[in-house]
Amino acid sequence: MVQLKGTERSKYVSNMFSAISKRYDLLNTIISMGQHWIWRRKTVEISTANSSGRALDIATGTGDMAILLSRNPKISSVVGLDFTPEMISIAYKKSKDFKNKLCYMVADSHHLPFLPASFDLVTVAFGIRNFTDINNALREMNQILCSGGKITILEIVKNSSESPVTKLFGYYFKSIVPLFGLIFAGNKNAYEYLPESVSNFMTSDEIEDLMIKSGFSNITSKSLSFGSVLIISGEKI
């Protein structure tokens, strides 16, 4: 599954999210034991520290991050962007109270349909693992940010630690999460993708290196859940 490359991988991931879209929010809460809300709120807090204005939430899914950004008084407008129409459809239904501040669109993060310097900040929550070309996507984000604009990424990352807690997380992702997918979403394969995508992903240091190469500076990072979850932020040079 995660060995697929390019267009084939993009199509697979989009179809997968389409299939689980109706149960996506429920499974997020179950799998993370409710922690994903804490992680998302911390990401918004970091992204809006010393930053305000126009926000773009990439890989917005069902809109949770975009809605949290819309609730922040420092944010003037929010665009939530995702590759899967079924996810965006659910996001619209959840966002009625923010329709004057928040809009959604279906688009590819590797080819962002915006002019340079269109946004003051960009967020990506649990999305970059699914990109087929992270370098290209980061360069696109850099281009649509204004000078000094901020990018903040929330992601599950490969943890190089050999501690018992890390091994327990690994067992949980590999053995328990697919069972949750089968029980609550009727789709075990989709939730086998999660641990596979994490095991084939990057460490926090590797993400930082990519961000620097893509034109971001002042990189700061915060590890959560014993190093398995990362919030990393940078500014456009």
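A salt bridge is taken here as a side-chain nitrogen of Lys or Arg within 4 Å of a carboxyl oxygen of Asp or Glu. The model is predicted, so local features need pLDDT of at least 70 and side-chain atom pairs count only at pLDDT 80 or more, whereas totals for chains, interfaces and linings use all residues. Residues are numbered from 1 along each chain as its sequence is written, and side-chain values use heavy atoms, with hydrogens and water left out.

By this rule the model holds five salt bridges. One of the pairs is Asp64 with Lys94, whose closest N and O atoms are 2.6 Å apart. Asp64 belongs to helix H4 (residues 64-71) and Lys94 to helix H5 (residues 85-94), so the pair ties together parts that are 30 residues apart in sequence. Helices (H or I, at least four residues) and strands (E, at least two) are DSSP runs, numbered from the N terminus. Asp64 is buried, at 7% relative accessible area. Lys94 is partly exposed, at 31%. These classes follow relative accessible area: buried is under 20%, exposed is over 50%, and partly exposed lies in between (1.4 Å probe, protein chains only). Asp64 and Lys94 also join Asp25 in a network of salt bridges.

A further salt bridge links Arg129 and Glu155, with 2.7 Å between the closest N and O atoms. Arg129 sits in the loop between strand E4 (119-125) and helix H6 (134-144), and Glu155 sits in strand E5 (residues 145-156), so this pair ties together parts that are 26 residues apart in sequence. Both partners, Arg129 and Glu155, are buried.

Lys42 and Glu45 form a salt bridge within one helix, at 3.2 Å from N to O. The two residues are three apart in helix H3 (residues 35-47), and about one helical turn separates them. Lys42 is partly exposed, with a relative accessible area of 26%. Glu45 is likewise partly exposed, at 47%.

Lys236 has no such partner. This residue is buried yet has no salt bridge. Its nearest side chain of opposite charge, Asp120, is 11 Å away. For this count Lys and Arg are positive and Asp and Glu negative, while His and the chain ends are not counted. Side chains of opposite charge can pair when their charged atoms come close. Lys236 lies in strand E7 (residues 229-236). Beyond residues up to four places away in sequence, Lys236 touches Asn142, Gln143, Leu145, Cys146, Ser147, Gly148, Gly149, Gly215 and Phe216. Contact means heavy atoms within 4.5 Å.

Gly215, one of the residues touched by Lys236, comes just after helix H9 and takes a positive phi of about 100°. Helix H9 (residues 204-213) has Ile207, Leu210 and Met211 as its buried residues. Seen down the helix axis, these buried residues fall within an arc of 100°, so they line one face of H9. The arc is that of the directions from the helix axis to the C-beta atoms. They pack against H6, E5, strand E6 (216-224) and E7. The face of H9 turned away from the buried side carries the exposed residues Asp205 and Lys213.

Ser10 lies in helix H1 (residues 6-20). This serine is buried, at 19% relative accessibility. Apart from neighbours within four places in sequence, Ser10 is in contact with Phe83 and Thr132.
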